[in-house]
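Please open the model in your viewer and follow the selections below in order. Each stop says what to select and what is there.

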Amino acid sequence: MSVLRIGTRGSTLALTQTGMVADDLADATGATTELVTITTDGDRSNEPLSRAGGTGLFTGALRDALVDGRCDVVVHSLKDLPTAPHDQLVVAAIPAREDPRDALCARDGLTLDALPAGARVGTGSPRRMAQLRRRRPDLEVVDIRGNVDTRLGKVSSGELDAVILAAAGLNRIGRTDVITELLDPDTWPTAPGQGALAVEVRRGEEDLVQALDHPETRAAVEAEREVLALLEAGCSAPVGARAVVDAGLLLLSASVYSLDGATALTSSHATPWPDDQGDPSREVAASVARELLGAGAADLTGARP
């Protein structure tokens, strides 16, 4: 293949992320790359994510382009990718993960606990909304859409007192200056797969990008996404998860929230990693999901126990 065509959304963040993957691919394989910009349903819609149906909103058009042969590789933010496998495509590489934490970007350098009662905090994520209502029920949570600059502009204009964004995206586009607090992932777990990229190809063409795969990142994010799948919760559901590989163990913790933040269920388990005999990501996710469903998580996510 003379030129590897890499499909991407057209936002600044997506183009930056895909450009990083393209550079890494060129370094690892010597391939010549070309970016192909594709507009997704999520880019066309101004509907709040909580009502727009989340699953596949930012990925469906990219996947269609890959199936149709308009590109050879696509790059997704992994947290946007539906958990169900695709019959024609495969995530052949998950590069090393960027910072998975959520970042508060507030006026006057304020932290979450220092925001005054009644402060307006914007996010389009039902999980972040639930976490905000649980931690600070005295705040006004505002449902917003838009790219990073649009969201930050609502703070600088005074329309909002703060927004919550993914630290990974801000790091990648060089906007860490706007972060006033990085939220502790042990008490504020983020979206399954947050901070990680998924490099997807047609089945049988995995060798095009496999050099970029990072085994520890793959183990962690597959565990997070598997618990989401077992809970039968979509990628916009109020579920937070955090998995890490440390000292020969794969550790996974997941939390499920009611939308009003009044209820939170949490489970944590660990399993040896690597494990040549089994699938540690699936095993630890099954333990966590079983415990959460037993505690009533289905009532919060709409899943069937």
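Select Ala-93, which lies in strand β4, a strand covering residues 89-93. The model is predicted, and every value in this tour is computed from it.

Show the surface around Ala-93: is this residue buried or exposed? Ala-93 has a relative accessible area of 0%, and because the cut-off for buried is under 20%, Ala-93 counts as buried.

Next, select the contact partners of Ala-93, leaving aside neighbours within four places in sequence. They are Leu-197, Ala-198, Val-199, Val-209, Leu-212, Asp-213 and Arg-218.

Keep Ala-93 and Arg-218 selected and draw a distance between their C-alpha atoms. The separation is 8.2 Å, although the two residues are 125 residues apart along the chain.

Now zoom out to the whole protein and colour by secondary structure: there are ten helices and 13 strands. Along the principal axes, the C-alpha atoms fill a box of roughly 60 × 45 × 35 Å. The radius of gyration is 19 Å, which agrees with the value near 19 Å for a compact globule of 305 residues.

Among contacts with a separation of 6 or more, 68% are between residues 24 or more positions apart. Colouring by burial marks 51% of the 305 residues as buried.

Finish with the surface and the charges. The accessible surface is about 13,000 Å², and carbon and sulfur atoms account for 46% of this area. Select the charged side chains: 30 are positive and 45 negative, and the centres of the two sets lie 5 Å apart.

Note on methods. Residues are numbered from 1 along each chain as its sequence is written. This is a predicted model: local features need pLDDT of at least 70, side-chain atom pairs count only at pLDDT 80 or more; totals for chains, interfaces and linings use all residues. Side-chain values use heavy atoms; hydrogens and water are left out. Helices (H or I, at least four residues) and strands (E, at least two) are DSSP runs, numbered from the N terminus. Buried means under 20% relative accessible area, exposed over 50%, partly exposed in between (1.4 Å probe, protein chains only). Contact means heavy atoms within 4.5 Å. The radius of gyration is taken over C-alpha atoms; the globule rule is 2.2 Å times the number of residues to the power 0.38. Accessible areas come from the Shrake-Rupley method with a 1.4 Å probe; for residues, only the protein chains shown count as cover. Lys and Arg count as positive and Asp and Glu as negative; His and the chain ends are not counted. The place of a charge is taken as NZ of Lys, CZ of Arg, CG of Asp or CD of Glu.
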